[in-house]
Amino acid sequence: MTHVVTEACIGCRFTDCVSVCPVDCFHVGGNFLVINPDGCIDCGVCIPECPEEAIHPDTMLPEGQEHFLELNRDLALKWPVILEAEPHPADAAEYRGKTGKLELLRV
């Protein structure tokens with residue numbers, strides 16, 4: 001089992017979750033984070049750290065967010081590992097709570 005970063009992270013990209021990950025399985029893009037499902041040990045310590053509630057177990061993905069499992073897998077192969085929290089994007093507040101953000105993903 002793995003955890004998955006879902007649409008709620010797009011644009012917000014808070015990185016509090018990165019600091020607590022014991023296996024460094026987060027990868028960073030321009031406005032989104034992903035979890036490498038091959039590295040995730042399913043500990044769940046990242047879940048309460050996410051202020052957007054964007055991280056879910058792969059078996060409990062919100063309806064309509066199932067495709068984010070494969071997206072996390074694909075982007076983890078392309079994006080660099082992130083080991084420490086970084087400042088969130090200056091415009092993160094604009095994206096909080098919005099849906100339909102997939103088209104805004106910067107790959």
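Select V18, which lies in helix α1 (helices are DSSP runs of H or I, at least four residues; strands are runs of E, at least two; both are numbered from the N terminus). V18 is buried, at 2% relative accessible area (buried is under 20%, exposed over 50%, partly exposed in between, with a 1.4 Å probe and protein chains only). Leaving aside neighbours within four places in sequence, V18 is in contact with F26, L33, I82, L83, E84 and A85 (contact means heavy atoms within 4.5 Å). Draw a C-alpha to C-alpha distance from V18 to C43: 13 Å in space, 25 residues apart in sequence.

This is a predicted model; local features need pLDDT of at least 70, side-chain atom pairs count only at pLDDT 80 or more, and totals for chains, interfaces and linings use all residues. Residues are numbered from 1 along each chain as its sequence is written, and side-chain values use heavy atoms, with hydrogens and water left out.

Next, select F26. Beyond four places in sequence, F26 touches V5, C17, V18, C21, L33, V34, I35, C46, I55, P80, V81 and I82. F26 also belongs to the largest nonpolar core, where F26, F32, L33, I35 and I55 have the most contacts among 27 residues (a core is a set of buried Ala, Val, Leu, Ile, Met, Phe, Trp, Tyr and Cys residues joined through side-chain atoms within 4.5 Å). Colour β1 (3-5), α1 (16-20), β2 (26-28), β3 (33-35) and α2 (68-78): each gives two or more residues to this core. α2 gives the most, with four.

Stay on α2. Its buried residues are F68, L71, N72, L75 and A76. They sit on the same side of α2, because they cover an arc of only 130° around the axis (taken from the directions from the helix axis to the C-beta atoms). What covers them includes β1, β2 and β3.

Now the voids. How many cavities of 30 Å³ or more are there? The count is two (a cavity is a set of points on a 1 Å grid over the protein atoms alone where a 1.4 Å probe fits but cannot get out; lining residues have an atom within 4 Å of a point). Of its 14 lining residues, C21, C25, C40, C43 and C46 are the closest to its centre.

Finish at the second largest cavity, about 50 Å³. Select V5, C9, F14, C17, L33, C50, E52, A54 and I55, which line it.

Technical notes: On a 1 Å grid over the protein atoms alone, a cavity is a set of points where a 1.4 Å probe fits but cannot get out, and a pocket is an open set with protein on both sides within 12 Å along at least five of seven lines; lining residues have an atom within 4 Å of a point. Grid points are joined across faces, edges and corners, and a volume is the space filled by probe spheres set on the points.
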